[in-house]
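Here is a guided look at a multi-chain model, taken sheet by sheet and contact by contact. Have the viewer open as you read.

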Protein chains: 4
Amino acid sequence: MNQQRIRDSFARQGLMKTLGATIDAIAEGRVILSAPLQPETCQQHGFAHAGLTFALGDSAAGYSALTTMPEGAEVLTAEMKINLLAPADGIRLIATGEVMKPGRRLVVTRATVDTEYDDGRRKTVAILQGTMVPVTG
Amino acid sequence: MNQQRIRDSFARQGLMKTLGATIDAIAEGRVILSAPLQPETCQQHGFAHAGLTFALGDSAAGYSALTTMPEGAEVLTAEMKINLLAPADGIRLIATGEVMKPGRRLVVTRATVDTEYDDGRRKTVAILQGTMVPVTG
Amino acid sequence: MNQQRIRDSFARQGLMKTLGATIDAIAEGRVILSAPLQPETCQQHGFAHAGLTFALGDSAAGYSALTTMPEGAEVLTAEMKINLLAPADGIRLIATGEVMKPGRRLVVTRATVDTEYDDGRRKTVAILQGTMVPVTG
Amino acid sequence: MNQQRIRDSFARQGLMKTLGATIDAIAEGRVILSAPLQPETCQQHGFAHAGLTFALGDSAAGYSALTTMPEGAEVLTAEMKINLLAPADGIRLIATGEVMKPGRRLVVTRATVDTEYDDGRRKTVAILQGTMVPVTG
């Protein structure tokens, strides 16, 4: 697996930059991203907006799928479902994406999004399940 | 229905401001939001990031639910599913959220997200279906 | 569109027979199925089991996708999501499946499931959204 | 946790009887159900119908939620999403439902459905994620 192409693809994503997201870990079929909780990406109660939580979880899932693809491929989200479990009231979101079923036509993924508090405690705030499709860039 | 509280709630959402989103229409059980496609909210191919499309569709759905709630209530997304139908390669996204089933405990919603080209043509790029829960702020 | 191959495929589905389901209408991109509410397909409160409601809605969606496929193709459900809106306490379920986005690799569909009372009134009990994939039989 | 009320509720479900389903295990927040693959519950290719796979996975998820509820409560599926990973071509389906987040108003669950071959090998054929709501019977 070529970690560099994951990092190159990630670097070209304007939204990830806007959200302040970074890649924390890349392994075969598993990618971890994180992003700070900031006023710019929160909702009206000061918690992470569902859109931020989704964007991070979906991207972690997508990049986990990309680790299973041949060089030169990219992936697009075909569909994704998120269940929000608790308000994201910490300081940082951490999303772990995992491949449940690789495939040439469809890759089924899951992701878990945790929030981290300033004392290091973590709480799961969302789980996602969805399908990525390979595209040739 | 009190349009002002929808606008007040929307104005407090940092992420909506970051995405450049505006409220285009508010009616009982139906809200339309839009946001420009900008490099800051796109993915690596220059199309709208799934996270942007989701955030806009989810917010339109959430505010459509809020129009059916009593004063003082707020809504949170319990779960939401998005199917992405086509790459969002236009200049603006337009999300229409609609209440499918109002309720005191759960509000089931749908949303459609279109992209608009600079000549005014539109194409549907995503459909969403999910559940909002009322919370007392 | 060849209605007969839809009917032939349907006739080979053991579960549809077990549920007492029939085809009510076939049009390009749109199929309507129905099934009686019987003790054999209900849950512990005497309402339609979510499994019955899902099976009927999913099949209506799948056959609506099949109407858009070339001869010889079949479709499989890749993923499907159901929101249950109200208890199905009538005498018959009626599921309408519709193609939202045709495609050679993925077909995005929606379905609505209504229950019908013995006086002919109807109530929507579920909405579904999901993806069908063509397979060559 | 009172296993008997799970068994009593299950015994009243006509659809579970029709599908030949049985309870294999009950623990706090975790329930395993299974059902044979029979012509009566298959689709046109002889594999388990998505409706069977869904019904079993959804029921396992629902009963896992019920183990976390007080006596006298029942649960209904509010929404459930299934991703089908592989054709279910074995002899028996085994569904494991698990509570991801208990709650008084909403219980978020996941389920995994495996197929078992006659030599005892197993393969995961579906994963589900969804929400149960408590109702007072």
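## Ground rules

Two strands pair if DSSP finds at least two bridges between them. Helices (H or I, at least four residues) and strands (E, at least two) are DSSP runs, numbered from the N terminus.

This is a predicted model, in which local features need pLDDT of at least 70, side-chain atom pairs count only at pLDDT 80 or more, and totals for chains, interfaces and linings use all residues. Residues are numbered from 1 along each chain as its sequence is written, while chains are lettered from A and ligands numbered from 1 in the order in which they are written.

Let's begin in chain A, where strand 5 (residues 107-116) and strand 6 (residues 122-136) run antiparallel and are joined by 10 bridges. Here A:Val107 sits opposite A:Met132 of strand 6.

Both strands belong to an open, antiparallel sheet of 12 strands, ordered 1(A)-2(A)-4(A)-5(A)-6(A)-3(A)-3(B)-6(B)-5(B)-4(B)-2(B)-1(B). At its edges are strand 1 (22-27) of chain A and strand 1 (22-27) of chain B, each pairing on one side only. On average, neighbouring strands of this sheet are turned by 25° against each other, direction ignored.

## Inside chain C

Strand 4 (residues 92-101) of chain C has seven of its 10 residues buried, so it is largely enclosed by the rest of the structure. Buried means that 20 or more other C-beta atoms, placed from the backbone, lie within 10 Å of a residue's own.

Strand 4 of chain C pairs antiparallel with strand 2 (residues 30-36) over seven bridges, and with strand 5 (residues 107-116) over nine bridges. C:Ala95 of strand 4 faces C:Leu33, and its bridge partner in strand 5 is C:Val113.

## Where chains A and D meet

Chain D can be laid on chain A with an RMSD of 0.0 Å by a turn of 180° and a shift of 0.0 Å along the axis. The two copies are thus related as by a two-fold rotation axis. The superposition is by least squares on the C-alpha atoms of residues with pLDDT of at least 70 in both.

Nine residues from chain D and nine residues from chain A take part in the contact, where two residues count as touching if their C-beta atoms, placed from the backbone, lie within 7 Å. On the chain D side, strand 3 (73-84), strand 4 (92-101) and strand 6 (122-136) each supply at least two residues; the largest share, three residues, comes from strand 6 of chain D. Of the interface residues of chain D, 100% are also interface residues in chain A, so the copies meet through the same surface.

Note on methods. Axes fitted to C-alpha atoms, helices over the stretch in contact; angles between N-to-C directions. Buried ≥ 20, exposed ≤ 12 C-beta atoms within 10 Å, placed from the backbone.
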